[in-house]
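Please keep the sequence and the model in view while reading.

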Amino acid sequence: MDKSGLIEETVRRAADGGTQVSAEQAGRVVDALFGTLEHAGAIAEALRRGESVTVLGFGTFHAEDSRAVLQPGKALNEYIGHDAPHARR
């Protein structure tokens, strides 16, 4: 999935939950979190400051040897392994 796909899926899932979010709004959120070529996002800025970023269930981003690393969380690993009770397939 590329950035456009992530934005489209975010809009769709928000609508499924009863919240209307435009593609432009979702794109701004994605850019704010992950950054663009011109501006670092919140995750990259935290890593540069030596902080880790934890998204409960998804995982923890941290810097290791000047590289960004994602340590997957239990819920993500279970979902990928199809053990999660709410897994959408």
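Among contacts in the chain between residues at least 6 apart in sequence, 12% join residues at least 24 apart; contact here means heavy atoms within 4.5 Å. The model is predicted: local features need pLDDT of at least 70, side-chain atom pairs count only at pLDDT 80 or more, and totals for chains, interfaces and linings use all residues. Residues are numbered from 1 along each chain as its sequence is written, and side-chain values use heavy atoms, with hydrogens and water left out.

**Overall architecture**

- The chain contains four helices and three strands, where helices (H or I, at least four residues) and strands (E, at least two) are DSSP runs numbered from the N terminus.
- In sequence order, these elements give the pattern α-α-α-β-β-β-α.
- The C-alpha trace spans about 40 × 35 × 20 Å along its principal axes.

**Surface and charge**

- Of the 89 residues of the chain, 19% count as buried; buried means under 20% relative accessible area, exposed over 50%, and partly exposed in between (1.4 Å probe, protein chains only).
- The chain carries 10 positive and 13 negative charges, whose mean positions are 3 Å apart.
- For that count, Lys and Arg are positive and Asp and Glu negative, while His and the chain ends are not counted; the place of a charge is NZ of Lys, CZ of Arg, CG of Asp or CD of Glu.

**Strand pairing**

- Strand 1 (residues 53–55) pairs with strand 2 (residues 59–64) in the antiparallel sense over three bridges; two strands pair if DSSP finds at least two bridges between them.
- Within this pairing, V55 has G59 in strand 2 as its bridge partner.
- Strand 1 and strand 2 form a hairpin with three residues between them, and G57 in the turn has a positive phi of about 90°.
- Strand 2 also pairs with strand 3 (residues 67–72), in the antiparallel sense and over six bridges.
- In strand 3, Q71 is the bridge partner of T60, and R67 stands opposite E64.

**The turn between strand 2 and strand 3**

- Strand 2 and strand 3 form a hairpin with two residues between them.
- Most residues other than glycine have a negative phi, and most peptide bonds are trans.
- D65, by contrast, has a positive phi near 55°, and S66 has a positive phi near 65°.
- D65 is exposed, with a relative accessible area of 71%; S66 is exposed as well, at 81%.

**The nonpolar core**

- In soluble globular proteins, nonpolar side chains tend to be buried together.
- The largest nonpolar core consists of five residues, I43, A46, L47, V53 and F61; such a core is a set of buried Ala, Val, Leu, Ile, Met, Phe, Trp, Tyr and Cys residues joined through side-chain atoms within 4.5 Å.
- Helix 3 (residues 42–48) gives the most to this core, with three residues.
- Leaving aside neighbours within four places in sequence, I43 is in contact with L33, F34, V53 and F61.

- A32 is found in helix 2 (residues 23–34) and is partly exposed, with a relative accessible area of 45%.
- Apart from neighbours within four places in sequence, A32 is in contact with G41 and A42.
- A32 and I43 are 11 residues apart along the chain, and their C-alpha atoms are separated by 8.6 Å.
- A44 has its place in helix 3 and is partly exposed, with a relative accessible area of 36%.
- A44 and V30 are 14 residues apart in sequence, and 13 Å apart from C-alpha to C-alpha.
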